[in-house]
Structures are given as structure tokens and as C-alpha cells.
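Please read them with the structure open.

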Amino acid sequence: MGIHKVLVESGNFLNTELIRKKLVDKVYFFIAPKIIGGEKTSFGDIGIKNIEDIIKLKDVEYKKLREDILISGSVKENE
């Protein structure tokens, strides 16, 4: 089909499943100077039991967008 990239803006459930199934190449996180509160998180249980198993990002970039900060990085497979 010629599709090389798909941008997914999603919530906890889809984020978690995409990470679990290793379908994520790059992530983008926004940090904003706003407090929302509540129990919402970007990811649920992705099966990490030890600190050695964390998902590390490579080629991390930081960009200021007005008052927000965009952090992006490629998902790095554990070595």
C-alpha cells in the first residue's frame, strides 16, 4: 500500500497494546505547565518487572513549543 508511517494519538489502552506488541518506533511526549489531576496515565502495565527491562529511547530530542515542551525519541530495543 506504500504506507511507511502512521501517527497514532491514543490513550492508555491502545498505547499499552502497541508497546506490548512492539509496534512503536518513535514516541512523542508533551509536557505542559498545567495540572490536570486524576488517575489517567499514558501507559498501563506493559509487562516490565525489573528496572533492567525498561524501554529506553535513543536519538532523544527536546523542543520548546510556546509554553509546552515536546520530547521525542526512537524506541531502543534492550541490548
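This is a predicted model: local features need pLDDT of at least 70, side-chain atom pairs count only at pLDDT 80 or more; totals for chains, interfaces and linings use all residues.

1. Strands 2 and 3. Strand 3 covers residues 68-76 and runs antiparallel to strand 2. Eight bridges join the two. Which residue of strand 3 is the bridge partner of Tyr 62? The partner is Ile 71.

2. Nonpolar surface. A nonpolar patch lies on the surface, with about 840 Å² of accessible area together. Its members are Phe 29, Ile 31, Ile 48, Ile 51, Ile 54, Ile 55, Leu 57, Val 60, Tyr 62 and Ile 69. Strand 1 and strand 2 are the elements that give two or more residues to the patch. Strand 2 supplies the largest share, three residues.

3. Leu 57. This patch member sits in strand 2. Its relative accessible area is 32%.

4. Lys 63. This residue also belongs to strand 2. Leaving aside residues up to four places away in sequence, Lys 63 touches Asp 68, Ile 69 and Leu 70. Leu 18 is 45 residues from Lys 63 along the chain, and their C-alpha atoms are separated by 25 Å.

5. Salt bridges. How many salt bridges does the structure hold? There are four. One of them joins the side chains of Glu 17 and Lys 21, at 3.9 Å from N to O. Glu 17 is partly exposed, at 24% relative accessible area. Lys 21 is exposed, at 55%. Another salt bridge pairs Asp 45 with Lys 49, with the closest N and O atoms 3.8 Å apart. Both Asp 45 and Lys 49 are exposed.

6. A link across the chain. The side chains of Lys 34 and Asp 68 form a salt bridge, 3.6 Å from N to O. This pair connects distant parts of the chain. Lys 34 is in the loop between strand 1 and strand 2, while Asp 68 is in strand 3, 34 residues apart. Asp 68 is partly exposed, with a relative accessible area of 21%.

Notes. Residues are numbered from 1 along each chain as its sequence is written. Side-chain values use heavy atoms; hydrogens and water are left out. Two strands pair if DSSP finds at least two bridges between them. Helices (H or I, at least four residues) and strands (E, at least two) are DSSP runs, numbered from the N terminus. Patches are made of residues with over 30% relative accessible area and no salt bridge: like charges are joined within 9 Å, nonpolar side chains (Val, Leu, Ile, Met, Phe, Trp, Tyr) within 5 Å. Accessible areas come from the Shrake-Rupley method with a 1.4 Å probe; for residues, only the protein chains shown count as cover. Buried means under 20% relative accessible area, exposed over 50%, partly exposed in between (1.4 Å probe, protein chains only). Contact means heavy atoms within 4.5 Å.
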